[in-house]
Amino acid sequence: MSLTFLFFQNMPTFLSLDMRHWGLFLACLLSIVLLFLSFVHIKKQRKSLAKSLKKRAHEIMTRKEFETRFNLALHIGNGTIWEWDIQTNKISFGPRFHALLGYQQGELPTDIYELHRIIHTDDQLKVRNTIVQHLKGNTDLYEHETRFLKKSGEILWILERGKVIKKDAMGKALQMIGIGTDITEYKLREEATRLQSEIISHMTEGIVLIRVNDGTMVYTNRSFEKMFEYDAGTLLGKHISILKAPGGRSFEEITQEIVEALTKHNIWKGEIKKIRKDGTTFWGLATLTSYKHPQHGKVWLTIQTDISIRKEAEATLRDSEEQFRAIFEQSSDSILLIDPDNGKILAFNQQMHQNLGYTRTEFEKLSIPDFEAMESKEEVRKHIVQIQEKKWDIFQTQHRTKSGAIRDVEVTIRIIHVKNKEYFFAAIHDITDQKLAEKQQRLASTVFESATEAIMVTDSEVNIIAVNPAFTEITGYALHEVQGKNPQFLKSGKHDDSTYKKMWDIVEETGHWQGELWDRRKNGDIFPIWLSITAIKDQKGEPLYYTSLFSDITERIASEEKLHAQAYYDSLTNLPNQRLMKDRLSQALNQAKRTEKKVGILFIDLDHFKSVNDTLGHLAGDHILKEAGKRLLASVRDADTVARSGGDEFQIILPNTGGKEEVSLVAKKIIKEMSLPFMAENRQVFLGASIGITIFPDDGDQATFLLKNADMAMYKAKFLGRNSYHFFDQNMEKLAKGRAVLGWDLKKAVTQNELSIFYQPIIHLETLKTVALEALVRWHHPDQGLLLPEKFIPVAEESGTIGEIGQMVLERACQQMYEWQKTYGLKASLSVNMSSRQFILIDFLHPIKNALENSGLSPESLTIECTESLTLDPVEKAAEKLNKLKALGVHIAIDDFGTGYSSLSYLSRFPIDQLKIDKSFIQNVHSSPQKQHLVEAIIRMGESLKTKVIAEGIEQQEDLDLLLNYGCHSGQGYYFSKPLSAKNYEALLKKEKGLV
């Protein structure tokens, strides 16, 4: 029960109390009120405390997030930082990353799906999988060695490490940062080391590395292990003494000899008899050097060759003098016994003098220089001394026969001892035929290696033995990838088994086949070849080898296809041209007549394309046209035809369509696609499309008339505001004729003074004073009356008279403004529009200078308004033009701002004084939150650029109040004044001056 209830329930009793009781009652009531107020105050304090705690918690979380990023950067190491916002797929890179890849700031992709442009193709899938594993939480850290493509095309290896640093309440990754480190040099060294190891492991000579301090073998290649018949790797870590020498000198004696030789010459060479694992012996010729290894300290590097066969031959010669003489005389090689002291020939066999064409008696009188063709007497003597030091030698030289012919020979010289005296025993092998064969082989090899046709050699089982470089270049396969394989892996899949069977039947029957086939490259591409197969057979007629020669005839096929394409396809977009389009339209109409179906024909023209093409250049325009063609193809069915007739005009044929409703859906889809931004010169460009539509048989049954109908409907769509579609109706032909007549009339209007200039005041929004007048052209048509620019300016642009009209307006307006300033003291300036066509001219400044000089108007009183399309020029080119214009002393304004392509980064580089917000954003801005955000953003942009912002199309007080609140500088529109003729505005001036 509440106190209030008790109070009123007992009010009679309270009224009967005396004053003392009344005082007690009032005191109690006051206590209750104070208690209630205290409760309210405590509740407010609790809310304030809760809000403070929430703010503090947010600050702590923000600090923790920062600490996480900072600690991660420290953990990963020094490098270039990148950051990925997973929600928006936006990725940013640090300045060092740009420098490493050779890009300027802003040139690298900002969208994660564009990274394929700078990541090597072979790494893209691995990078994606590694990131996915980390995002799933399967790895604590994202880490990957990635090949990036520098701007120059070179490969840069980067070690990437990153980590998710932010997740939502459900644990979904929101943000990730990382660091990349350049490891290119390390990867190159790693590859070089791998190649060195591979070369050493495949050498035929045995190689062993011995640690000197303990005699342990720390490296052996496979040839060394095979030489001693040990399994791979079993000698590592074993002492070198395990490879014992049978009898003769001990291991210690050999070691002592090696140490002495290394001390004196830093190299030791010698022949050592060794024992294999199975107990058999062999002779080895060893070369040993010493160097300091970074891991094992001082080591001996030994290269050893098995010379058992040669040693056995020498032993045989020593075993029997009779056998030696037999060999000496009967050898097919020439043999000499030479006294090294004087170089005299002591003995020679029959083969020696016969090979040189001498009799024995004649040869006995000769010395070595008499038949040595390559060395002089002095060089021969020096060579003898060298052989004495080496104890043996093998070399190639040339001998001159008695007839003067030159023979190539290989000389093997060893020192033999006869009765304690040293002699040279020389075995001379005539290698002239061998040299010739080698030369021919080198020639054949050169042809094989340098042939532009691919050559493939297979054995009798059709397994590949050899291929030439042209084969690798054409197919992408190296020898080691195909050796031993059947060429079936080259099959393209375009031929069935019967084709190949027929081919091999002919080869087996005739030994040869040639023809055209399709093969598949290593990268999966299929390509046409002209192939010749020849069987090489033995004496019995059995095949030993098969040689295949083939050439890539892609260019020939492409040339044939090109001729066809040139006749029927557009060379830029690869879409059907007008010739093929008309043929397909005729087929579609004939089929529709038989099946009683309808055919839709769309005529498409890109909006604003001419401005883009004129400002950015034809290369950029071509890029946009190709992209537009792709978008059109993506918007229709496979059975539909998309064609380009020329310029920025396209046609689409929709056979078997359901009528207007179905065609409308296609048109809407196309408009949506064409409204998306195009990329040209690294910039976003917005175009749009105007589409005219006609339907067979509703609008006609002849292809020529239907195409004409669609063309007229397109112009109607463009006239009604662009970026829309319109269906043909019977009144359009009349309108098209009227448009053509209007163009002819306009050309006469310029010369017959039918154009006049109206002036609309530009008002300072705070003071409501006129600060400028914009000159606007009007046409007093002799039949149609006063025409506004919207009616005839598009016709002027198409007919090419826009430049002449613009010049006329500039000259007349400057003259009129000068007279008003002089006569009435008008303080306002003049604004004149200039078309993009005038800016394209090389001498675009000349007409402005003339207008100022002829009128007497000061440059400070003139503002040139240009559209945003001027900023489509490359930044440097546009800035150069505007700076030249600014140098005249005039002011520069960007007209219709917000409808074009400008950005803050581009405008900041231009000498702009004013930004004029397009009227489409101002009208009813007070009732459109979306417009309000845009207008406020433009005004803030103007403030950042330190330019005045002028609002066009102000018509209501509510719009004016909103603009004043945003800080807009000036404005114009019907709220202040409609455009006035020169006569009416002068009357207004007279009235203000009290002259009337």
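For the class counts below, I take Ala, Val, Leu, Ile, Met, Phe, Trp, Tyr, Cys and Pro as nonpolar, Asp, Glu, Lys and Arg as charged, and the others, Gly among them, as polar. I am working with a predicted model.

**Entry 1: cavity count.** I asked how many cavities of 30 Å³ or more there are. The count came to 2.

**Entry 2: the second largest cavity.** I looked up its volume and found about 70 Å³. Its lining consists of Ser-334, Met-352, Asn-355, Leu-356, His-399, Arg-407, Val-409, Ile-428, His-429 and Asp-430. I then checked which elements give two or more residues to this lining, and they are α11 (350-356), β14 and β15. By class, I noted 4 nonpolar, 4 polar and 2 charged residues.

**Entry 3: the largest cavity.** Here I read a volume of about 210 Å³. I found 18 residues in the lining, and those nearest the centre are Ile-368, Glu-372, Phe-395, Val-411 and Ile-413. Sorting the lining by class gave me 13 nonpolar, 3 polar and 2 charged residues.

**Entry 4: where that lining comes from.** Which elements each supply at least two residues to the lining of the largest cavity? I listed two helices, α13 (368-371) and α14 (377-390), along with the strands β11 (334-338), β13 (392-400), β14 (406-418) and β15 (421-430). The largest share is from α14, with 4 residues.

How values were computed
Residues are numbered from 1 along each chain as its sequence is written. This is a predicted model: local features need pLDDT of at least 70, side-chain atom pairs count only at pLDDT 80 or more; totals for chains, interfaces and linings use all residues. Side-chain values use heavy atoms; hydrogens and water are left out. On a 1 Å grid over the protein atoms alone, a cavity is a set of points where a 1.4 Å probe fits but cannot get out, and a pocket is an open set with protein on both sides within 12 Å along at least five of seven lines; lining residues have an atom within 4 Å of a point. Grid points are joined across faces, edges and corners, and a volume is the space filled by probe spheres set on the points.
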